[in-house]
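Hi everyone, thanks for coming. Have a look at the sequence and the model on the screen, and then I'll walk you through a few places in it.

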Amino acid sequence: MENNVENIIARANRIPVWSLPYSFLAIIGIGYFFTFYDISDIGLAMPAIDAQFHLGSSTSLFLALSVGLIGYGIGSYLIGSTADVIGRYKSMIITMALTALGSFGDAISLNVPELTIFRFITGLGLGADLNLVSTYISEFAPPGVRGKITVYTFLVGILGQAVTPFIGLELVPVYYDGWRWLFGIGAIIAFIALILRFELPESPRWLALKKKDIKKAEKILEMMERTAERKIGKLPEPDVTRVDTESGKFPTLYLFKRPYSTRLSLLVIVWFFWYIGNYAFLGDSASLLSSAGFSISSSILYLAIGAIGYPVGAIIMIATADKFERKYVIFIDTVVWFIGLTLFALKMDITLFIGSFLASMALGMYLQVAYTFTAENYPTRARSSGFALTDGLGHIGGAFGAIFLPVLVASYSFSFGFEFIAVTGLIAGILVLIGGTRATGKPLENISA
């Protein structure tokens with residue numbers, strides 16, 4: 001059995017091109033589209049929800065960010081760990097079903113308790129889905145183009161973050177129930193993504209290593225090999241190397257022995273610092289601009305124009321993700337973030353547009369490359385659990401940043417608050433640069449060994 005597992009992984013590693021239908025990337029990308037749509041829509045909807053439900057500032061922040069992030073962290077770990085036991089495919093169906101249900105519930109909520117419950121459900125699905133998509137793609141994509149392939153799916157998804165401010169601009173300030181339609185559109189997108197996901201195959205690496213279902217893994221691999229041979233001709237012979245097939249422990253237990261414990265510690269801190277600024281910028285910017293004297297329409301417009309930077313950043317990563325060592329790319333992304341937020345902090349018309357664009361571009365550059373880097377650092381038997389624990393704990397930084405940024409702005413100044421989140425993002429890049437492992441172009445087993 002152990003030799004069969006090694007052979008499956010060797011056959012997967014010898015395929016140098018994307019060997020599934022490209023439509024599968026689009027299917028995954030549609031799910032990503034909803035994820036980033038929802039991350040943006042709550043911040044845009046909150047001014048209208050605040051007015052209609054007569055919320056105070058603390059309750060508004062709790063609903064907008066904290067409830068979803070609590071669900072995000074719980075869902076990321078619980079469903080992410082489950083994916084190492086029941087598989088990537090089934091878990092990805094569960095996550096999209098939860099997000100569709102949650103977003104539909106957001107749209108029809110009649111009071112604060114209902115909205116709180118459905119924001120939590122939405123968070124459960126979103127947190128786990130970001131984890132699972134990165135894990136899933138990493139296990140199918142060839143080492144030499146792993147970064148590029150993951151960015152292709154991310155490019156479809158990041159369009160959700162790019163178009164959401166424009167949709168919000170047309171709905172929220174114009175219609176009394178515009179915020180409900182904003183959530184309703186997200187629910188429709190999530191439901192479409194759910195139906196399409198039934199077409200996806202299970203990861204042959206997981207099937208062989210965890211479930212020991214060699215026949216099913218071989219069937220998927222044979223399909224992949226035929227697709228690859230139609231593209232490039234005869235494949236090289238598998239290079240069967242020693243693969244650790246130890247099993248039986250709960251997946252998370254693997255993460256607390258070296259080298260994974262060291263990687264886990266580093267990556268949790270990295271994501272904690274990154275998410276401080278990420279969620280503060282996405283969740284608070286519109287409200288803080290409004291508080292600073294800009295109209296709701298103007299506040300959303302600055303962010304909407306800047307959101308063009310999201311797909312621009314992703315396109316840049318398609319060209320660079322596999323050409324340079326990933327930890328260097330991540331560091332450069334955070335430098336762009338620092339420059340963008342420093343300009344945004346100046347609070348002048350031109351610097352708000354440019355700063356918003358650069359910060360959005362940095363998000364489009366950073367996120368999927370960093371997601372890929374995180375997934376690569378853990379072994380197949382605990383890859384989903386490792387990503388889930390890292391991302392879930394890292395999101396504590398997101399909750400902290402989203403609540404703390406308005407406090408900094410109120411206590412000091414607009415400029416001080418946004419300069420603070422510029423620095424926290426740069427710290428994340430410096431940590432990866434100093435302590436991150438080399439991953440670009442290497443087989444997953446070599447990276448995680």
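What you're seeing is a predicted model, where local features need pLDDT of at least 70 and side-chain atom pairs count only at pLDDT 80 or more, while totals for chains, interfaces and linings use all residues. Residues are numbered from 1 along each chain as its sequence is written, and side-chain values use heavy atoms, with hydrogens and water left out.

Let's start with an annotation. UniProt, in an unreviewed entry, places a "coiled-coil region" at residues 207–234. UniProt positions come in the numbering used here, feature names are shortened, and annotations may be inferred rather than shown by experiment. In the model, that span is 86% helix and 0% strand, and its end C-alpha atoms lie 25 Å apart.

Okay, helix packing. Two packed helices are described by the angle between their axes and the distance between the axes. The axes are lines fitted to C-alpha atoms, for helices over the stretch in contact, and angles run from 0 to 180 degrees between N-to-C directions.

So how do helix 4 and helix 5 cross? Helix 4, residues 88–108, and helix 5, residues 112–140, have axes that come within 7 Å and cross at roughly 150°. That makes helix 4 roughly antiparallel to helix 5; the cut-offs are under 35 degrees for roughly parallel, over 145 for roughly antiparallel, 65 to 115 for roughly perpendicular, and oblique for the rest. The contact of helix 4 with helix 5 has 14 nonpolar, nine polar and six charged residues. Here Ala, Val, Leu, Ile, Met, Phe, Trp, Tyr, Cys and Pro count as nonpolar, Asp, Glu, Lys and Arg as charged, and the others, Gly among them, as polar.

Now the second pair: helix 6, residues 146–171, packs with helix 11, residues 296–306, at about 155°, with the axes 8 Å apart. That makes helix 6 roughly antiparallel to helix 11.

Buried means under 20% relative accessible area, exposed means over 50%, and partly exposed is in between, using a 1.4 Å probe and protein chains only. D129 sits in helix 5, and at 1% relative accessibility D129 counts as buried. L20 is in the loop between helix 1 (2–13) and helix 2 (22–53), and L20 is buried too, at 3%. The C-alpha atoms of L20 and A228 are 208 residues apart along the chain, yet separated by 8.4 Å.

Last stop: K347, in the loop between helix 13 (326–344) and helix 14. K347 has a phi near 60°, a positive value in a residue other than glycine, and K347 is partly exposed at 34%. Helix 14 itself, residues 349–376, is mostly covered, with 23 of its 28 residues buried.

That's my tour, so over to you for questions.

Methods
Helix = DSSP H or I, 4+ residues; strand = E, 2+ residues; numbered from the N terminus.
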